[in-house]
Amino acid sequence: MTEVIRVGTRGSALAVAQTRWIAERIAKAAGGAEIELVEVTTHGDTSRASLSEIGGEGVFAAALRESLLAGDCDVVVHSLKDLPTSEHEGLRLGAVPKRADPRDALCARDGLTLAELPEGARVGTGSPRRIAQLRSVRPDLEVVDLRGNVDTRLGKVASGELDAVVLAAAGLGRLGRLEAATELLELSDWPTAPGQGALAVEVRRERGERVLERALEGVDHRSTRATVLAERLVLAGLEAGCSAPIAANAFIEDELLFLTATVYSADGARKLTSSHAATPESRSTADLAEAAGDVAERVVAELLGNGAADLAALEEPR
């Protein structure tokens, strides 16, 4: 029986907070097993370049995966939106816990909403998807490329260097900083990144000790696993990385799995959207996964048929 379960995490305050949340649930599901957190530094943590410059996909995941494969950890915890869509031959997704709020949050000075920001206001974000959305909705704003942890980003608003920043509501909630949000942007108008708000627990492909496998089953949430699978299959089908200006949101309601995806041009001037639904045969993991694959395939086909691939050829905004 495993006496200690070693859980790998990035060292940022947010990563540690969300890993501790997962670790507590793993410990409970494993009958009170001892948990050891192993901090791993990733290229995405040390580089100050923009996500597009360092090749967004996998920059936060690679070092964690190397640590897991080397045997330094038994499991690692990722923000699911940072995880490459292609499977790693030596690893598998051991669990996807219940998703938190997938929305983006505007954190602005003086309690302002996005519509209330004055012309020329400086809004910070490091996400190509958020940049495209801001340029689409408010082309009069000055969008500032931004890196750094949550406190650093919020500090730039508090100091007056920026008028607002856009952050994930889930991350603010996990850090106890949701009060900094001046507006939660609704998914119907402001769709978010595939997998946003969800966490991924990755393990080595070979089956682990029984107590660990039982713990993973205890923290896995089938509906979340199915909806984020559908969203990520859109990225895979479009052959896009996790930093591409693509939004995808799925949910299950009235026994149907709904999926909507939007592809933006980098400058936000154009966008394409597709929505479809599928009916799972049952709520089993296998049937939900099959429905996710079906609905994602139809969404991708429609987007590509309408010219989604051509949007990537547009000139990058200055």
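This is a predicted model: local features need pLDDT of at least 70, side-chain atom pairs count only at pLDDT 80 or more; totals for chains, interfaces and linings use all residues.

Analyst: Three strands make up an open sheet, ordered E11-E12-E13, with antiparallel pairing. Strand E11 (246-253) and strand E13 (271-278) are at the edges with a single partner strand each, so one side of each has no neighbour in the sheet. On average, neighbouring strands of this sheet are turned by 10° against each other, direction ignored.

User: Over how many bridges do E11 and strand E12 pair?

Analyst: E11 and E12 (residues 256-264) are paired over eight bridges, in the antiparallel sense. Within this pairing, Asn249 stands opposite Thr260 of E12.

User: Which strands does H10 touch when it packs on the sheet?

Analyst: H10 touches E11, E12 and E13, and its direction makes about 150° with that of E13. Helix H9 lies across E11 and E12 and runs at about 150° to E11.

User: How is the packing of two helices described?

Analyst: In general, the description uses the angle between the axes and the distance between them. Here, H9 (residues 222-237) and H10 (residues 285-305) pack at about 30°, with axes 8 Å apart. Angles under 35 degrees count as roughly parallel, and H9 and H10 are therefore roughly parallel to each other. Their crossing is right-handed. Among the residues making the contact are Leu229 and Leu233 of H9, and Leu288 and Val299 of H10.

User: How are side chains arranged in a regular strand?

Analyst: As a general rule, side chains in a regular strand alternate between the two faces of the sheet. In strand E5 (residues 104-108), Asp104, Leu106 and Ala108 lie on one side and Ala105 and Cys107 on the other, and all are buried.

User: Which strands are joined to E5 by bridges?

Analyst: Five bridges join E5 to strand E8 (residues 164-168), in an antiparallel arrangement; here Leu106 stands opposite Val166. Three bridges join E5 to strand E9 (residues 183-185), also antiparallel, and Asp104 has Leu185 as its bridge partner in E9.

User: Is Gln196 buried or exposed?

Analyst: Gln196 belongs to the loop between E9 and strand E10 (199-204). Buried means under 20% relative accessible area; Gln196 counts as buried because its relative accessibility is 1%. The Gln196 side chain makes a polar contact of 2.7 Å with the side chain of Asp104, and another of 3.2 Å joins it to the side chain of Arg129. Beyond its neighbours within four places in sequence, Gln196 contacts residues including Lys81, Pro102 and Ala168.

Technical notes: Residues are numbered from 1 along each chain as its sequence is written. Side-chain values use heavy atoms; hydrogens and water are left out. Buried means under 20% relative accessible area, exposed over 50%, partly exposed in between (1.4 Å probe, protein chains only). Helices (H or I, at least four residues) and strands (E, at least two) are DSSP runs, numbered from the N terminus. Two strands pair if DSSP finds at least two bridges between them. A polar contact is a pair of N or O atoms within 3.5 Å; within protein, one must be able to donate a hydrogen and the other to accept it, and residues adjacent in sequence count only if both atoms are side-chain atoms. Contact means heavy atoms within 4.5 Å. Axes are lines fitted to C-alpha atoms, for helices over the stretch in contact, and angles run from 0 to 180 degrees between N-to-C directions. Angles under 35 degrees count as roughly parallel, over 145 as roughly antiparallel, 65 to 115 as roughly perpendicular and the rest as oblique. A crossing is left-handed if the near helix is turned anticlockwise from the far one by less than a right angle, and right-handed if clockwise.
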